[in-house]
Amino acid sequence: MPPILTPGARRVLDAATTLFYTHGIAAVGVETIAATAGVTKRTLYDRFGSKEALVCAYLRRRDEEWTARWEERIATAPEPRALTVFDAYAEDAEPSGRGCAFVNAASELADEHPGKAVIREHKAAVRARIEQLVTIDAARADAVAVAHHIFLLAEGAIAQQGVDGDAGHLRRARRLAAELLRR
């Protein structure tokens, strides 16, 4: 369960969420975040302690919101439900075309940044959930390998969308994954 945020902290996190995704983490300073949120830098630091901690809060929020949307899709989707990962990524990245917030952040953060752990946990959870869905829906002996391929197709498509803005990569990757599941 996410921590309860004060109104000022919520405004800071809202501003950081928009700014980090739109412009990148390194390009956005705490002054810009505070000004956008309508708070002082002191309020930002009082609520989060550091930009590093704010980045982690941003990534945790993205994870919680993205996972909740994906689970809603899974709950109503026909089999094979593993394909919903492509729809969830498409919904998350459109209309900006900036791709996956986690891939974007991973490319900016040093390995020792605590945000990298949040990113790794998110990606591991996505892969594990795909594996669960393939195992349940397809009952395949090679479910782990198929799930890994689907994960890589989704990741590659969303990463490429971040490069060139073409949402068609996700549709094409989804078709390939569906074909893989039919075999």
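Start by selecting helix 6: with four residues, this helix gives the most to the lining of the largest cavity. Keep in mind as you go that the model on your screen is a predicted one.

**Stop one: the cavity**

Select Phe20, Tyr21, Gly24, Ile25, Tyr58, Arg98, Ala101, Asn104, Ala105 and Glu108, which together line the largest cavity. Two elements each supply two or more residues here: helix 1 (7-23) and helix 6 (101-108).

How many cavities of 30 Å³ or more does the count give? The answer is one. The volume of the largest cavity is about 30 Å³.

**Stop two: a helix pair**

As for handedness, the crossing of helix 7 and helix 8 is right-handed.

To see what makes the contact, show side chains on both partners:

- On helix 7, pick Lys123, Val126, Arg127, Ile130, Glu131, Val134 and Thr135.
- On helix 8, pick Ala143, Val144, Val146, Ala147, His148, Ile150, Phe151 and Glu155.

Colour this selection by class too: the contact of helix 7 with helix 8 divides into nine nonpolar, two polar and four charged residues.

Terms used
Residues are numbered from 1 along each chain as its sequence is written. This is a predicted model: local features need pLDDT of at least 70, side-chain atom pairs count only at pLDDT 80 or more; totals for chains, interfaces and linings use all residues. Side-chain values use heavy atoms; hydrogens and water are left out. On a 1 Å grid over the protein atoms alone, a cavity is a set of points where a 1.4 Å probe fits but cannot get out, and a pocket is an open set with protein on both sides within 12 Å along at least five of seven lines; lining residues have an atom within 4 Å of a point. Grid points are joined across faces, edges and corners, and a volume is the space filled by probe spheres set on the points. A crossing is left-handed if the near helix is turned anticlockwise from the far one by less than a right angle, and right-handed if clockwise. Contact means heavy atoms within 4.5 Å. Ala, Val, Leu, Ile, Met, Phe, Trp, Tyr, Cys and Pro count as nonpolar, Asp, Glu, Lys and Arg as charged, and the others, Gly among them, as polar.
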